[in-house]
Amino acid sequence: MRIRSMLGMIAVALGVVAPGLANADAMADIKAKGVLIVGTKADYRPFGFLDPSGKVVGFEPDLAADIAKRLGVKLELVPVVAANRIQFLQQGKIDLMIATMSDTPERRKIVDIVEPNYYGSGTNVMAKKSAGVKSWEGLKGQKVCLIQGAFYNKELQEKYGVEGVAFPGTAEALTALRNGNCVGFAYDDTAIAGELQKPENGDYEMPLTSILVQPWGISVKQGEKAFADFVSKAVIDWHKTGQIVALEKKWGIKPTKFAEEMQAKYK
Amino acid sequence: MQPVWDWFRWLNQATGINLTIFYDAFDRTRFASGFWMTVKLSVICIVLSILIGILGAWAQGSRHRILRGAMHWYIQAFRNTPPLVQLYFFYFGLGSLITGVTGPLVTNVGWAIVSLSFFAGAFNVEIFRAGIEAVPRTTIEAAASLGFSRWQTYRQIVFPLAFRISLPALNNNLINLVKTTTLAYAIAVPEMLYVSSQIWSDELNVPVMMNVLLLCYFLLVGIVVWMMSRWERAVRVPGFGV
């Protein structure tokens with residue numbers, strides 16, 4: 001009996017809350033509040049990181065600022081990590097998420113990912129400049145450090161014939177690279193870009209063209225069609241005006257094929 | 001062999017038991033090479049650790065204080081620290097110091113052999129010491145009275161007897177050594193656990209591969225146990241028991 005009455009209460013509570021969710025117009029709410037709350041990374045240089053004064057800056061905070069400007073409201077940035085970013089969006093702690101999230105069918109089921117994709121990351125290698133890595137084919141039979149369980153491991157070994165040396169984490173793989181246990185470290189190109197900006201990695205480079213490009217998506221809470229459309233227009237505008245390419249340059253990111261192709265597509 | 005591989009492909013379609021290590025050529029090659037690497041690691045480390053044990057037990061009874069002290073500290077260092085920490089120490093710590101012009105002098109496989117052999121060797125020294133101490137004092141005195149030198153007594157009388165006494169404890173340690181080779185996974189030595197984890201993260205057949213691993217190790221350790229117990233029986237001295 002108690003369980004049944006509790007279930008009843010939950011059902012009533014959901015009944016009260018759910019229509020509220022469905023009818024909410026995020027855009028109107030944001031304008032009324034005068035603040036747009038965006039979740040970005042704060043530990044993923046140069047896409048979102050802390051500057052010496054403790055402010056979150058980077059590629060994605062710049063994009064967030066642009067959306068806020070278009071809405072005519074102030075911007076508030078909330079640092080998120082991969083493990084909590086979707087929950088933050090679902091719980092309404094953030095209105096918009098621009099946090100290096102790959103666009104996957106599973107994620108599309110739980111949040112609304114804005115079309116088109118604003119950026120894409122691929123797989124590349126970080127290698128010592130003196131190693132003279134020139135092409136993926138040139139890595140055939142060479143030792144390449146990997147992260148255990150990374151989705152690109154099989155393709156690199158099977159298709160490109162590299163001899164993979166996979167470690168449990170990034171720190172181990174980077175140490176092995178520094179110790180000369182492998183000629184290169186295959187990893188996400190945007191993360192390598194961040195590594196290369198650290199002063200101790202001055203001798204390293206990212207010499208290849210990225211492969212296995214995965215698009216990234218900005219997302220809004222499920223059902224926020226009007227808001228998603230608004231953001232979508234902004235993204236198309238970014239590609240059209242070359243803003244993404246300009247931001248790559250501003251933050252010292254090696255120009256990606258993805259940004260180039262998107263610019264060509266929407267021109 | 002093609003019909004066999006096709007049968008495993010059919011098994012996957014029919015039952016969901018996804019044994020890519022049979023029907024996918026790439027996975028088959030890497031699993032076989034992983035299995036082989038585990039066998040190689042085990043055999044080399046068993047031989048080296050037994051050698052370390054024999055020499056170490058001899059050094060422990062040496063008249064030289066420095067040699068005895070060194071042995072004592074070697075055993076303390078390797079017995080009192082986890083083998084995974086030792087592997088990390090050798091590969092990342094020592095490995096970064098020992099580099100040649102073109103790169104590291106010792107590969108990850110090399111460090112795994114060094115680290116695992118010294119680890120198991122430390123235990124073997126203690127196992128052999130226990131065996132040596134079980135050899136009756138009177139036997140050694142008899143050898144001395146017959147004019148045997150210390151090394152001759154050790155080689156021809158004490159060690160052969162001590163070895164027989166030590167065998168059961170040695171078996172335990174060697175079985176543990178075979179199982180400990182899985183730790184080499186952490187420094188990317190492509191042994192069986194390492195390749196299996198590569199395969200299950202690519203094919204998402206984690207439960208199946210876990211079972212395969214369990215069976216493979218059961219088989220490998222079973223072979224070691226079988227060989228060691230045969231050896232034990234072969235060298236048994238009737239009437240000399242413990």
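## Contacts and overall build

In this predicted model, 66% of the contacts in chain A between residues at least 6 apart in sequence join residues that are at least 24 apart. Of the 267 residues of chain A, 40% count as buried, and the C-alpha trace of the chain spans about 65 × 50 × 40 Å along its principal axes. The secondary structure of chain A comes to 11 helices and 14 strands.

Five strands of chain A form an open sheet with mixed pairing, in the order S5-S1-S6-S14-S7. At its edges are strand S5 (74-79) and strand S7 (112-113) of chain A, each of which pairs on one side only.

Within this sheet, strand S1 (residues 35-40) of chain A runs parallel to strand S6 (residues 96-97) of chain A, and two bridges join them; Gly39(A), for instance, has Met97(A) in S6(A) as its bridge partner. Helix H3 (residues 59-71) of chain A packs on the sheet, where it touches S1, S5 and S6 of chain A, and the direction of H3 makes about 160° with that of S1(A).

Chain A is divided into domain 1, made up of 2-118 + 217-266, and domain 2, which covers 121-213. The centres of domain 1 and domain 2 of chain A, taken over C-alpha atoms, are separated by 30 Å.

To the contact between them, domain 1 of chain A gives 11 residues, while domain 2 of chain A gives eight residues. On the side of domain 1 of chain A that touches domain 2 of chain A, there are five nonpolar, three polar and three charged residues.

Notes: Residues numbered from 1 in each chain as written. Chains lettered and ligands numbered in written order. Predicted model: local features only at pLDDT ≥ 70, side-chain atom pairs only at ≥ 80, totals over all residues. Helix = DSSP H or I, 4+ residues; strand = E, 2+ residues; numbered from the N terminus. Buried ≥ 20, exposed ≤ 12 C-beta atoms within 10 Å, placed from the backbone. Contact = placed C-beta atoms within 7 Å. Pairing = 2+ DSSP bridges. Axes fitted to C-alpha atoms, helices over the stretch in contact; angles between N-to-C directions. Domains from an automatic or database assignment. Nonpolar A, V, L, I, M, F, W, Y, C, P; charged D, E, K, R; others polar.
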